[in-house]
Amino acid sequence: MTVGGVLQAAGDAARAIETVSGVLFAGGFAIFAVVMLLLARSLGRRAGAVRARLWIVGGGIVFPTAVLAALFAWTVSMTPAWKPVPPADALVVGVTGHMWWWDVRYRDAGGATIRTANEIRIPAGRPVYLALDSADVIHSFWVPQLAGKIDMLPGRLQHLLLRADAPGTWRGQCAEFCGEQHARMALHVVAMEPAAFEAWLQAQARPAAAATPPRAQAGRQAFLANRCDACHAVRGVTAEARLGPDLTHVGSRLHLAAGTLPNTDAGRQQWIAHVQRVKSGARMPSYDRLDAATLGAISEWLGGLQ
Ligand SMILES: [Cu+2]
């Protein structure tokens, strides 16, 4: 897994921003340098030796107006469309911001919804059309290496078109203050080879894996006995609850709780037992009353949900 520098564009939408920033920084620096040179030259001169009208009208009005007008036209032409038209081969992904996690949806060939959370897998090289909204307050979707940021508004769909050049993993972050745990509302975009992506999507479409080891079976029972299913859906095991992330394939994800913890056995146990210590205010209670064996069993079952 590579998490490249934030300034390294990994797709064409981000590259357009990189080009614009490069030209603005370089141009701004060049103009600044010229002005400083002229200032230095003028310092030793007598008053009256400078052609004031030429400099004021030319350098103060004509030059900035021409430069700013040209830059304005060019940056507008480089700005992505507000309502982009998805190319025919685009993959459509729905993302809904919640305080403080991301619900992610795909559609299979038959039109059924495939749900995951906090991690968006995409095929490298193919355009991806994101339909973004929010379930509560305003959030903002931002994965700097792939595209610019765009607000996620309750009751309104916003769109973003992006494409990753090659396989890789990039971290994104909610970019609009949305409450106490805004800082722990990260997400990951994982671009895969197209064939690997299709295999992943098919696996995500399946209901939860059967719990075969006895400990995993005990974990599934404890999950139900503790009413985790009041908020979490596990397709094939529980009914549709949507207050928390869909856990059908939670074991296949890299992180827990929107980039807060690594998705390891220790991470899962720490999360379930100490939610309010790890991410205080998160809309899940701490289960610190669970004994170690139960906690371990739940974690084993969740880890096996690949
Ligand atoms: Cu936020």
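Modeller: Start with Ala257. Ala257 counts as buried, with 24 C-beta neighbours inside 10 Å. Buried means 20 or more other C-beta atoms within 10 Å of the residue's own, exposed means 12 or fewer, and partly exposed is in between; the C-beta atoms are placed from the backbone. One caution: this is a predicted model, where local features need pLDDT of at least 70 and side-chain atom pairs count only at pLDDT 80 or more, while totals for chains, interfaces and linings use all residues. Residues are numbered from 1 along each chain as its sequence is written.

Biologist: Where is Ala257 in the fold?

Modeller: Ala257 sits in the loop between strand 11 (255–256) and strand 12 (261–262). Strands (E, at least two residues) and helices (H or I, at least four) are DSSP runs, numbered from the N terminus.

Biologist: What is phi at Ala257?

Modeller: Phi of Ala257 is near 55°, a positive value in a residue other than glycine. Most residues other than glycine have a negative phi. Ala258 lies in that loop between strand 11 and strand 12 too. Ala258 has a positive phi of about 60°. Ala258 is buried, with 25 other C-beta atoms within 10 Å.

Biologist: Which residues does the cis peptide bond join?

Modeller: Met99 and Trp100, with omega about 10°. Most peptide bonds are trans. Trp100 is in the loop between strand 1 (91–98) and strand 2.

Biologist: New topic, helix 4. How many residues does it have?

Modeller: Helix 4 (residues 214–225) has 12 residues. From first C-alpha to last, helix 4 reaches 16 Å, close to the 16 Å expected at 1.5 Å a residue. That expected span is 1.5 Å times one less than the number of residues.

Biologist: Which residues of helix 4 are buried?

Modeller: Ala216, Gly219, Arg220, Ala222 and Phe223. Seen down the axis of helix 4, they fall within an arc of 165°, so they line one face. The arc is that of the directions from the helix axis to the C-beta atoms. On the other side of helix 4, Pro214 and Ala225 are exposed.

Biologist: What covers the buried residues of helix 4?

Modeller: The cover includes helix 6 (292–303). Thr294 is found in helix 6. The C-alpha atoms of Thr294 and Gly219 are separated by 6.6 Å, though the two residues are 75 apart along the chain.

Biologist: Is Thr294 buried, exposed or partly exposed?

Modeller: Partly exposed, with 19 other C-beta atoms within 10 Å of Thr294.

Biologist: Zoom out. How is the chain divided?

Modeller: Into domain 1 (1–44 + 80–197) and domain 2 (214–303). Those bounds come from an automatic or database domain assignment. The C-alpha centres of the two domains lie 29 Å apart. Their contact takes 18 residues from domain 1 and 14 residues from domain 2. Two residues are in contact if their C-beta atoms, placed from the backbone, lie within 7 Å.

Biologist: Which elements give two or more residues on the domain 1 side?

Modeller: Strand 2 (101–107), strand 3 (113–117) and strand 10 (186–192).

Biologist: And the whole chain? How many helices and strands?

Modeller: The protein chain has 6 helices and 12 strands. Its radius of gyration is 26 Å, well over the 19 Å that the globule rule gives for 306 residues, so the chain is more spread out than a compact globule. The radius is taken over C-alpha atoms, and the rule is 2.2 Å times the number of residues to the power 0.38.
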